[in-house]
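Let's take a friendly walk through a protein model together. Have the sequence and the 3D view at hand, and follow along one step at a time.

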Amino acid sequence: IQACKLAADGVVLHRLFSVRAQGLFGTLADDMQSDYLSGLLIGEEIREALSVLDNIRPKQVYLICKPTLAERYRTALSTFDMDGTECSQRASSRGLLAIARERSLIL
């Protein structure tokens with residue numbers, strides 16, 4: 001959650017490079033570094049999406065990913081006062097199929 005809040009501040013590049021130093025100085029345990037990086041990137045993704053949407057915050061975001069990743073996104077979204085709902089595991093392939101049919105790429 002802390003990493004998501006830091007990304008919300010828009011300082012993600014600095015934070016990405018600080019992870020190694022935090023590990024070296026013992027302020028971030030080695031086994032927590034990947035989780036911290038994941039939180040930074042997810043938080044930055046959400047922050048950037050909101051900036052593209054002119055900071056309009058949808059109440060609900062639909063998540064198309066594995067359940068473990070969806071949990072991380074829900075945690076990050078809560079930092080931004082938004083909720084996340086998992087879609088069907090097949091939502092991605094169904095969506096791509098619908099786009100391909102719409103564009104007459106397949107029958």
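In this predicted model, the largest nonpolar core is made of eleven residues. They are Ile42, Ile46, Leu50, Leu63, Cys65, Ala70, Tyr73, Ala76, Leu77, Phe80 and Met82. Helices α3 and α4 (67-79) each supply at least two residues of this core, and α4 gives the most, with four residues. There is a general pattern to keep in mind here: in soluble globular proteins, nonpolar side chains tend to be buried together.

Now pick out Leu63, a member of that core. Setting aside residues up to four places away in sequence, Leu63 touches Ala70, Tyr73, Arg74, Leu77, Gly84, Thr85, Glu86 and Cys87.

Next, turn to helix α3, which covers residues 33-52. Just after α3, Asp54 takes a positive phi of about 55°.

Let's finish with one glycine. Gly43 is found in helix α3. Is Gly43 buried or exposed? Gly43 has a relative accessible area of 0%, so it counts as buried, the cut-off being under 20%. Finally, look from Gly43 to Ala98: the two are 55 residues apart along the chain, and their C-alpha atoms are separated by 29 Å.

Note on methods: Residues are numbered from 1 along each chain as its sequence is written. This is a predicted model: local features need pLDDT of at least 70, side-chain atom pairs count only at pLDDT 80 or more; totals for chains, interfaces and linings use all residues. Side-chain values use heavy atoms; hydrogens and water are left out. The expected span of a helix is 1.5 Å times one less than its number of residues. A nonpolar core is a set of buried Ala, Val, Leu, Ile, Met, Phe, Trp, Tyr and Cys residues joined through side-chain atoms within 4.5 Å. Buried means under 20% relative accessible area, exposed over 50%, partly exposed in between (1.4 Å probe, protein chains only). Contact means heavy atoms within 4.5 Å.
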